[in-house]
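The following exercises are to be worked through with the sequence and the model at hand. Each task is followed by a solution in steps.

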Amino acid sequence: MKVEFVDAKSILVRNSNPADWFGVCYNINVYRGCQHGCIYCDSRSDCYGIENFSDLIIKRNAAELLDKELAKKRKKVTIATGSMSDPYIPAEKRIRLTEKVLKVILKHKFPFHIITKSDLILSDLDLLLEINKVFLSISITITTCNHFIANKIEPKAPSPEQRMRAIEVLSQAGIYTGVLFQPVLPYLLDNETNIKETVYSVASAGAKYIIPWFAVSMRKGQKEYFLDQLDLGFPGLKERYLSTYKQAYTCSSLYSKELYKYFEEECKKHNIVYKMKDVLTYDKSKPYKQMTLWDLLQ
């Protein structure tokens with residue numbers, strides 16, 4: 001794995017549809033590339049321009065850039081990290097770049113959302129608790145509780161058990177924590193057993209929501225890697241994908257409607273939110289106030 005430090009020119013990327021994604025208005029990524037080795041990761045797609053996703057590009061000036069850019073923002077809107085590369089990859093133990101970003105978020109008192117697959121997030125619990133006084137939500141990605149399958153599709157990520165423990169600790173600390181149950185890989189994870197075990201486990205750990213996607217993307221660059229790795233771990237499955245989905249960009253489970261209904265019933269049984277519109281966001285957490293012209297222009 002090659003590691004490269006770079007100076008970024010900007011750090012905040014606007015999200016055009018906040019309501020569709022945790023009320024997030026801006027995304028930041030302090031790393032490009034990832035060390036978790038998930039075979040299905042969409043960020044490998046050619047359209048993102050990352051030549052080798054297994055290499056790591058570190059934006060060493062990320063915290064300083066964020067400090068400058070947030071100082072210019074008048075309206076407090078939700079910032080997020082983790083949409084492209086996990087902010088808690090193993091390298092974070094040594095580099096502590098995400099920790100520096102959290103300190104900037106805290107300094108400017110912005111609401112924050114974090115997406116990760118790692119229990120390393122617990123190393124920043126003190127900072128997270130301070131940010132939570134403004135607003136914080138955390139999404140832990142879990143695709144399955146089956147260790148055998150998880151080891152093959154997410155070979156270098158913390159185990160499902162470690163992630164469940166992180167959910168438990170964060171939830172008990174009073175931080176609004178939930179799960180991204182995605183992608184639910186066709187022919188592998190799209191079954192009632194996986195749904196039942198996952199919903200039960202995350203609800204028992206204290207997760208407040210679980211947002212599913214019964215599909216996997218198949219874009220150029222990502223598709224080739226995914227199918228090759230799938231063939232190594234589960235011989236014969238590559239041919240089934242090619243036969244069923246051919247050149248499709250999105251490979252949805254053939255049983256999406258039936259499985260979603262089952263998933264919905266399980267969520268209701270365990271009293272856990274499963275629709276994005278019902279997830280708590282910063283705007284929903286604040287009392288209604290009349291918007292000014294300045295708010296609308298921001």
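**Exercise 1.** In which loop is the place of Lys 246? Determine also its backbone angle phi and its exposure.

*Solution.* The model is a predicted one, in which local features need pLDDT of at least 70 and side-chain atom pairs count only at pLDDT 80 or more, while totals for chains, interfaces and linings use all residues. Residues are numbered from 1 along each chain as its sequence is written, and side-chain values use heavy atoms, with hydrogens and water left out.

Step 1. Lys 246 lies in the loop between H9 and E12; helices (H or I, at least four residues) and strands (E, at least two) are DSSP runs, numbered from the N terminus.
Step 2. Although Lys 246 is not a glycine, its phi is positive, at about 50°. Most residues other than glycine have a negative phi.
Step 3. Lys 246 has a relative accessible area of 54% and is therefore exposed. The classes are buried (under 20% relative accessible area), exposed (over 50%) and partly exposed (in between), with a 1.4 Å probe and protein chains only.

**Exercise 2.** Locate Asn 271, and state its phi and its exposure.

*Solution.* Step 1. Asn 271 belongs to the loop between helix H10 (256-269) and helix H11 (282-285).
Step 1. This residue, Asn 271, is not a glycine, yet has a positive phi of about 55°.
Step 2. With a relative accessible area of 71%, Asn 271 is exposed.

**Exercise 3.** Which residues of helix H9 are buried, and what do they pack against?

*Solution.* Step 1. In H9 (residues 237-245), the buried residues are Leu 237, Tyr 241 and Tyr 245.
Step 1. They lie on the same side of H9, because they cover an arc of only 45° around the axis; the arc is that of the directions from the helix axis to the C-beta atoms.
Step 2. An α-helix has 3.6 residues a turn, so residues three or four places apart point the same way.
Step 3. The packing partners of the buried residues of H9 are strand E11 (215-217), helix H8 (222-233) and strand E12 (250-252), where contact means heavy atoms within 4.5 Å.

**Exercise 4.** Describe how H8 and H9 are arranged, and which residues join them.

*Solution.* Step 1. The two axes, of H8 and H9, come within 7 Å and cross at roughly 140°. Axes are lines fitted to C-alpha atoms, for helices over the stretch in contact, and angles run from 0 to 180 degrees between N-to-C directions.
Step 1. H8 is therefore oblique to H9: angles under 35 degrees count as roughly parallel, over 145 as roughly antiparallel, 65 to 115 as roughly perpendicular and the rest as oblique.
Step 2. On the H8 side, the contact is made by Lys 223, Phe 226, Leu 227, Asp 228, Leu 230 and Asp 231. H9 contributes Leu 237, Lys 238, Glu 239, Tyr 241 and Leu 242.
Step 3. The residues of this contact between H8 and H9 comprise six nonpolar, no polar and five charged. Here Ala, Val, Leu, Ile, Met, Phe, Trp, Tyr, Cys and Pro count as nonpolar, Asp, Glu, Lys and Arg as charged, and the others, Gly among them, as polar.

**Exercise 5.** How many disulfides does the structure hold? Examine Cys 38 and Cys 267.

*Solution.* Step 1. The structure holds zero disulfides, a disulfide being a pair of cysteine sulfur atoms within 2.5 Å.
Step 1. For Cys 38, which is in no disulfide, the nearest cysteine sulfur is that of Cys 34, 6.3 Å away. Cys 38 is buried, at 7% relative accessibility.
Step 2. Cys 267 is buried, its relative accessible area being 0%.
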